[in-house]
Amino acid sequence: MGKRQPEGPPPAPAVQRIRLRYTKRGRLRFTSHRDFQRAFERALRRAEVPMAYSAGFTPHPKVSYANAAPTGTGSEAEYLEIALTRARDPERIRALLDESLPPGLDIIEAAEARTSGLADRLTASVWELRLAGVDREEARRAVDAFNAAGTVEVQRRTKNGVRTFDTRSAVVALESPETPPSSADRPTDQPCAILRLVVRHVTPAVRPDDVLSGLRAVADLAPPVPAAVTRLAQGLLDEETGTVTDPLAPDREAAATEPHPAGATATATAPV
């Protein structure tokens with residue numbers, strides 16, 4: 001017997017890919033990645049975005065998610081890519097989707113995919129950790145102890161049991177600045193120490209909670225309440241400067257120098 005095939009014509013091919021940056025703010029930081037997926041797919045339908053779909057008996061919209069933040073953390077820099085069957089203005093798509101999502105899940109930037117490998121450009125993250133109830137001097141001493149250590153091993157429970165791994169090797173920079181580098185995901189009462197963390201994306205992933213466990217191990221730093229954690233940026237790590245670059249910049253630069261794909265100009269600004 002031959003392989004079963006779905007009835008009807010095959011799905012329309014994708015002619016354009018758009019990359020989006022979105023946030024998880026306020027109480028919405030407690031949404032899981034699956035919660036966001038469901039909300040985003042509803043927003044696609046509500047905004048009537050001309051999505052490309054997978055083939056097979058259960059077609060799904062072609063959405064590629066990249067390195068989602070852990071549940072419970074805020075973020076200013078989450079990324080995904082959508083495939084469209086008709087070319088559209090990326091800014092128009094961004095605005096329609098932003099209107100269709102609840103406040104806190106905000107689509108704040110869009111760029112047409114003109115280069116390959118968005119996921120490959122997400123090699124590091126910048127995090128802000130707010131430690132309510134921790135004195136800044138105490139936090140600085142803990143940061144100095146962490147940075148001076150050659151290795152900082154912590155344990156994390158996984159589906160395969162408890163795993164021990166080194167957090168220090170993945171940390172590019174950890175500091176306690178005098179003033180907060182950004183607006184807070186949520187306000188906290190004083191005293192409140194602020195930590196800024198730049199960490200490589202490695203396997204196994206080193207999360208902000210793992211670094212906090214490392215600070216507890218090397219300096220007995222134990223915040224009285226859970227830390228408020230926000231991802232400020234993620235992108236390609238510049239090894240020379242230790243900075244994290246904008247992953248959508250190559251697409252914007254390519255769009256500024258390359259002609260628009262043939263046949264897309266007439267439809268790019270048409271209503272969705």
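## Helices and their contacts in a predicted model

Reader: Among contacts in the protein chain between residues at least 6 apart in sequence, what percentage joins residues at least 24 apart?
Author: This is a predicted model, in which local features need pLDDT of at least 70, side-chain atom pairs count only at pLDDT 80 or more, and totals for chains, interfaces and linings use all residues. A contact means heavy atoms within 4.5 Å. Among contacts between residues at least 6 apart in sequence, the share that joins residues at least 24 apart is 79%.

Reader: How many helices and strands does the protein chain have?
Author: Both are DSSP runs numbered from the N terminus, a helix being H or I over at least four residues and a strand being E over at least two. Counted in this way, the secondary structure of the protein chain comes to six helices and twelve strands.

Reader: What distance separates the end C-alpha atoms of helix α4?
Author: The expected span of a helix is 1.5 Å times one less than its number of residues. Helix α4 covers residues 208–219, which makes twelve residues, so it should span 16 Å. The distance between its end C-alpha atoms agrees with this, at 16 Å.

Reader: Are α3 and α4 roughly parallel or roughly perpendicular to each other?
Author: Axes are lines fitted to C-alpha atoms, for helices over the stretch in contact, and angles run from 0 to 180 degrees between N-to-C directions. Angles under 35 degrees count as roughly parallel, over 145 as roughly antiparallel, 65 to 115 as roughly perpendicular and the rest as oblique. The axes of α3 (residues 136–148) and α4 come within 9 Å and cross at roughly 95 degrees. The two helices are therefore roughly perpendicular.

Reader: Which residues of α4 make the contact with α3?
Author: On the side of α3, the contact is made by Ala-142, Val-143, Ala-145 and Phe-146. On the side of α4, the residues are Val-211, Gly-214, Leu-215, Val-218 and Ala-219.

Reader: Which residues of α1 are buried?
Author: Buried means under 20% relative accessible area, exposed over 50% and partly exposed in between, with a 1.4 Å probe and protein chains only. What covers the buried residues of α1 includes the strands β1, β2, β3 and β4 and the helix α2. The buried residues themselves are Phe-36, Gln-37, Ala-39, Phe-40, Ala-43 and Leu-44.

Reader: Which residues does Ser-64 touch, not counting residues up to four places away in sequence?
Author: Ser-64 lies in strand β2, and at 42% relative accessibility it counts as partly exposed. Not counting residues up to four places away in sequence, Ser-64 touches Leu-80 and Glu-81.

Definitions and conventions
Residues numbered from 1 in each chain as written. Heavy atoms only, no water.
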